[in-house]
Amino acid sequence: MPLFDVYPLYNVTPVSGKDIHVYDENGTEYLDLYGGHAVISIGHSHPNYVKAVTNQVSKLGFYSNAIQNPLQVELANKLETLSGCKDYELFLCNSGAEANENALKLASFKTGKSRVVAFKNGFHGRTSAAVAATDNPNIIAPINAQQKVTILELNDILGVKNELEKGDVCAVIIEFIQGVGGLDQATADFYEQVFALCKTNNTMFIADEVQSGYGRSGKFFAFQHYNVTPDIISIAKGMGNGFPVGGILIHPEIEAKHGMLGTTFGGNHLACAAGLAVLNTIEEEKLIDNVNEISAYFITKAKSIPQIKNIKGKGLMIGLEFDFEVGELRKKLIYDHHIFTGGASNKKLIRILPPLTIKKTHIDQFFDALKKVL
Ligand SMILES: Cc1ncc(COP(=O)(O)O)c(C=O)c1O
């Protein structure tokens, strides 16, 4: 049976990985500055992770959400400690889209309203409401287009005010650093005013931290660079270091009711073991400090390259913008220099999303290769 052909593929076949590198079937080493799309947080095959997942699967890999699962409680407590998000409650699911879908659903349950405000170039996933809130008509099927969504420009505070004051908006959903869209950010003033407008208009403020969360921005969550308290925070990618797991942190003003949300696989034993290994390693190896140190080093080096016209993002979620399309450049980096980078819907931008364990030597290797290609 052929595979449903939806992905344009590079001709590379990784078969193993270790920390910042992956290796193909011939043993060729690739430097992974893409992190499998911002997913690899603590490094490929981290020993803590391998041990935790192996131990857990040999005991109990899965049981449904009909029984007690103390690993979920342990994960929630650790997440509260490391993120500093006191008083939130955790619902676990399996992916970023599912996290946002549940976030939007909760916002609608809570407010009794159904329209969503989202932003230009935003990406929130491919399920029903999440894709409707995504600014890409090519991936919105007619069945998704029935949702009521208004897409506004980042920084258009008057637009947000006008829409929220109409009284039918259940949620504003925003990435504090846009991922797929190309690392754009709004001003601090904008985020803080949107938060205030949400409060006065009974609208839930949803921080989509699926890509920017778990330390990638240099703080545990990207919204923590600003003075805001989201009602719901969605998480996924870095949370499981490759194990499919997602979740939402929910402010206690939204009250849980039995049956309100649910999932078969979400929060299973194996996912929790993976998630705990990630959090413990972020703490033990002080990975958020490493993000800030390496980010500063990276940005200094990037500034010395004249062909780079703009440096976007924060932490280890960095965009390098050129004045030409970067498709060929990225191919040369992969095939000639064995370095993975990410693209974005902005075709002139390279996305750098490495494991948070990356060292300065890897950054040197990248810039040496980049200079040669340029
Ligand atoms: C900000 C953001 N939200 C949501 C998603 C969707 O996550 P998933 O692909 O796990 O459904 C992504 C994926 O790239 C993302 O970057």
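Setting aside residues up to four places away in sequence, Tyr30 touches Val12, Pro14, His21, Val22, His338, Ile339 and Phe340. Contact here means that the C-beta atoms of two residues, placed from the backbone, lie within 7 Å.

Before going on, two notes on the source. This is a predicted model, in which local features need pLDDT of at least 70, side-chain atom pairs count only at pLDDT 80 or more, and totals for chains, interfaces and linings use all residues. Residues are numbered from 1 along each chain as its sequence is written.

Back to Tyr30. Tyr30 lies in strand 3, residues 29–32. Helices (H or I, at least four residues) and strands (E, at least two) are DSSP runs, numbered from the N terminus. Is Tyr30 buried or exposed? Tyr30 is buried, because 20 other C-beta atoms lie within 10 Å. The cut-offs are these: buried means 20 or more other C-beta atoms within 10 Å of the residue's own, exposed means 12 or fewer, and partly exposed is in between, with C-beta atoms placed from the backbone. Now take Gly313. Tyr30 and Gly313 are 283 residues apart along the chain, and their C-alpha atoms are separated by 24 Å.

Next, Ile358. Ile358 sits in the loop between strand 14 (349–352) and helix 11 (360–373). Ile358 is buried, with 26 other C-beta atoms within 10 Å. How far apart in space are Ile358 and Asp19? Along the sequence they are 339 residues apart, and C-alpha to C-alpha they are 8.1 Å apart. Leaving aside neighbours within four places in sequence, Ile358 is in contact with Ile20, Ile294 and Leu316.

Cys93 is another one to find. Cys93 belongs to strand 4, residues 89–93. Cys93 is buried, with 27 other C-beta atoms within 10 Å.

On to Ile173. Look for Ile173 in strand 7, residues 169–174. With 27 other C-beta atoms within 10 Å, Ile173 is buried. Not counting residues up to four places away in sequence, Ile173 touches Asn100, Leu104, Val116, Ala118, His124, Ala133, Ile206 and Asp208. Ile173 and Leu71 are 102 residues apart in sequence and 29 Å apart in space, C-alpha to C-alpha.

Now the core. A nonpolar core is a set of buried Ala, Val, Leu, Ile, Met, Phe, Trp, Tyr and Cys residues joined through C-beta atoms within 7 Å. The largest one has 109 residues. Those with the most contacts inside it are Val116, Ala171, Val172, Ile206, Ile232 and Ala274. Which helix gives the largest share of this core? Helix 8, residues 269–284, gives ten residues. Take Ala274. Not counting residues up to four places away in sequence, Ala274 touches Tyr49, Ala52, Val53, Gly240, Asn241, Phe243 and Val245.

Next, a helix pair. Helix 6 (residues 157–165) and helix 7 (residues 188–200) pack at about 10°, with axes 10 Å apart. Helix 6 and helix 7 are therefore roughly parallel to each other. Helix 6 brings Ile157, Val160, Lys161 and Leu164 to the contact, and helix 7 brings Phe190, Gln193, Val194 and Leu197. By class, that contact has six nonpolar residues, one polar and one charged. Angles under 35 degrees count as roughly parallel, over 145 as roughly antiparallel, 65 to 115 as roughly perpendicular and the rest as oblique. Axes are lines fitted to C-alpha atoms, for helices over the stretch in contact, and angles run from 0 to 180 degrees between N-to-C directions.

Then the ligand. How many residues surround the ligand? There are 14, and the closest are Gly96, Ala97, Gly125, Gly179 and Val210. A residue counts as near if its C-beta atom, placed from the backbone, lies within 6 Å of the molecule. Helix 4, residues 96–111, supplies the largest share of this shell, three residues. The shell has five nonpolar, seven polar and two charged residues. Ala, Val, Leu, Ile, Met, Phe, Trp, Tyr, Cys and Pro count as nonpolar, Asp, Glu, Lys and Arg as charged, and the others, Gly among them, as polar.

Ala38 is not a glycine, yet has a positive phi of about 65°. Ala38 is in helix 1, residues 35–38, and is buried, with 26 other C-beta atoms within 10 Å. Asn155 is not a glycine either, and has a positive phi of about 75°. Asn155 lies in the loop between strand 6 (149–152) and helix 6. Asn155 is partly exposed, with 18 other C-beta atoms within 10 Å.
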